[in-house]
Amino acid sequence: MDQSSTRLTPPEEPRAFGFFLDGAWVPAGDREVFERASPGHGVPVTRIPKCTHEDLNAAVASARQAFDDRRWSGLSGADRAAVLLKTAEGIRARAEEIAYWETLENGKPIAQARAEVGGCVGMFEYASGLARSLHGDSFNNLGDGMFGVVTREPVGVVGVITPWNFPFLILCERVPYILASGCTMVAKPSEMTSATTLILAEILHDAGLPAGVMNVVTGSGSTIGQALIEHDQIDMLSFTGSTAVGRRVVEASGKSNFKKLGLELGGKNPQIVFADADLEDAADGVAFGIGFNTGQCCVSGSRLIVERSVADAFAAMVAEKFKKIRVGDPLDEATQVGAITTDAQNATIMGYIERGQSEGAKLLYGGAQLDFGRGQYIAPTLFGDVTSDMAIAREEIFGPVLTVMPFDTVDEAIAIANDTEYGLAASVWTKNIDKALMVTRRVQAGRFWVNTTLSGGPELPIGGFKQSGWGREAGIYGVEEYTQIKSVHIEIGKRTPWVE
Ligand code: TXE
């Protein structure tokens, strides 16, 4: 990595990683290796081992042993907090390295990657407080003969499967909360973007996390991922990815040990814009909501639902914003929108753009690949004349493609917003408090934004309604997900005999 000049360049040679087992690196050895090319540059950047089933079993056994002997859950919250805080420092110290590899494997702009890493420091700092404040409850109202206590205990060994769109951020929305609760874990990142998960394992180790508390296995979803979701020594599984694989996770849990599940799946998220909104702000927010991370966010605002009286003018304002977005080399500081992360995703997005046109939608802006000589890029794309039966209006495209649908009444806006199997996120733009509250109450989504979009932080939980998932990550809610509750009944004084 050339850090001396302001313009970063891809590495000369791909960086070879091992995987992380029982507190130590295991080199790839004679295992097959997955070579990942940077989607922004088309050159190989990392080499990641394809773990075997034996590797996975060893990782699960290590996490199991570390949980069962209480080397982590038996510590005080203060001791766990100390490790999490030291990890936050470690991430800060290695922030530039993490952002660089994240950008190379994912294709997101380096400035964005840096900001995400900063956010992850905050996740660890916030979760360290939760390790100390996590508590149960007591019942002093059961009569003089009984005292009741409800304790929270860590669920056990947690499997964490993450996707390629936010490899480090999504991981850090889970790991500190899992560790704060006292659980141990086995993480499996996407085969496309494993580097920063492996780096985090090393940072945690250096911060004093006991061996075996966090293990990382690398490899494909269909082999190692599938074995992890079926594993009967995994007590809970946190899965983030497609709804199709989410369904397999539910089936695997039912067929194995009924492991507890946390699922964050797809979204087709509405942006509702009323004529009384600050339209300049709204146009900027809508462009950000679909342009950010090239629309490859589960919470991307991919459906613009706009009041008819301003619909055409507002679509023109959004198109104007699209025109000005700086798309290009992810390693360039000034880039706002980078490359499409995988070849398959690139083909999927271009397929939807073609389908939108063949189904009769009107292409208002974009719609084409951008040629920068290397890498794969798609222009932010805007479709008008969209009807609710079209695939581009219903299916998660996971790319920079925005559809516009007009509405006439508040009820109609809410009905269009809720006309989807998903319920991950939604935004409303209006200066009218009644409309804002009505829409916030009635639109089914786990995250809601009023006059903004895609904001977040460690305090507020993340998760979906309907087919967007189960459970919540982050905040106090996130740490509680990784606990189970025990009711303790304590008799006071002499027992009333059953047998006289
Ligand atoms: O996701 P997958 P993919 C959506 C998005 C995208 C599509 C496909 O629409 O176009 O999914 O992306 C692991 N058992 N989202 O193929 O396959 C896999 O290795 C266990 C939305 O990348 O769901 C990776 O670590 N694990 C989503 C993770 O699951 C399996 C974010 C996600 O991969 C597995 C990502 C199996 N059988 C994609 N198969 C969002 N909404 O945030 C795969 N995996």
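The model is predicted, so local features need pLDDT of at least 70 and side-chain atom pairs count only at pLDDT 80 or more, while totals for chains, interfaces and linings use all residues. Residues are numbered from 1 along each chain as its sequence is written, and side-chain values use heavy atoms, without hydrogens and water.

**The sheet**

Select the open sheet of seven strands, ordered 15-18-19-14-13-21-22 with mixed pairing. Strands (E, at least two residues) and helices (H or I, at least four) are DSSP runs numbered from the N terminus; two strands pair if DSSP finds at least two bridges between them. At the edges stand strand 15 (362-365) and strand 22 (447-450), each with a single partner strand.

Next, select residues 270-273 and 303-307: strands 13 and 14 pair there in the parallel sense over four bridges. Pro270 stands opposite Arg303 in strand 14.

**Aromatic pairs**

Rings of Phe, Tyr and Trp (its six-membered ring) pair if their centres lie within 6.5 Å; planes under 30 degrees apart are stacked, over 60 edge-to-face, the rest tilted.

Select Trp164 and Phe398, an edge-to-face pair at 5.4 Å centre to centre, with 70 degrees between the planes. These residues lie 234 apart in the chain. Trp164 is buried at 15% relative accessible area (buried: under 20%; exposed: over 50%; partly exposed: in between; 1.4 Å probe, protein chains only).

Finish at Phe166, Phe288 and Phe292, which form one aromatic cluster.
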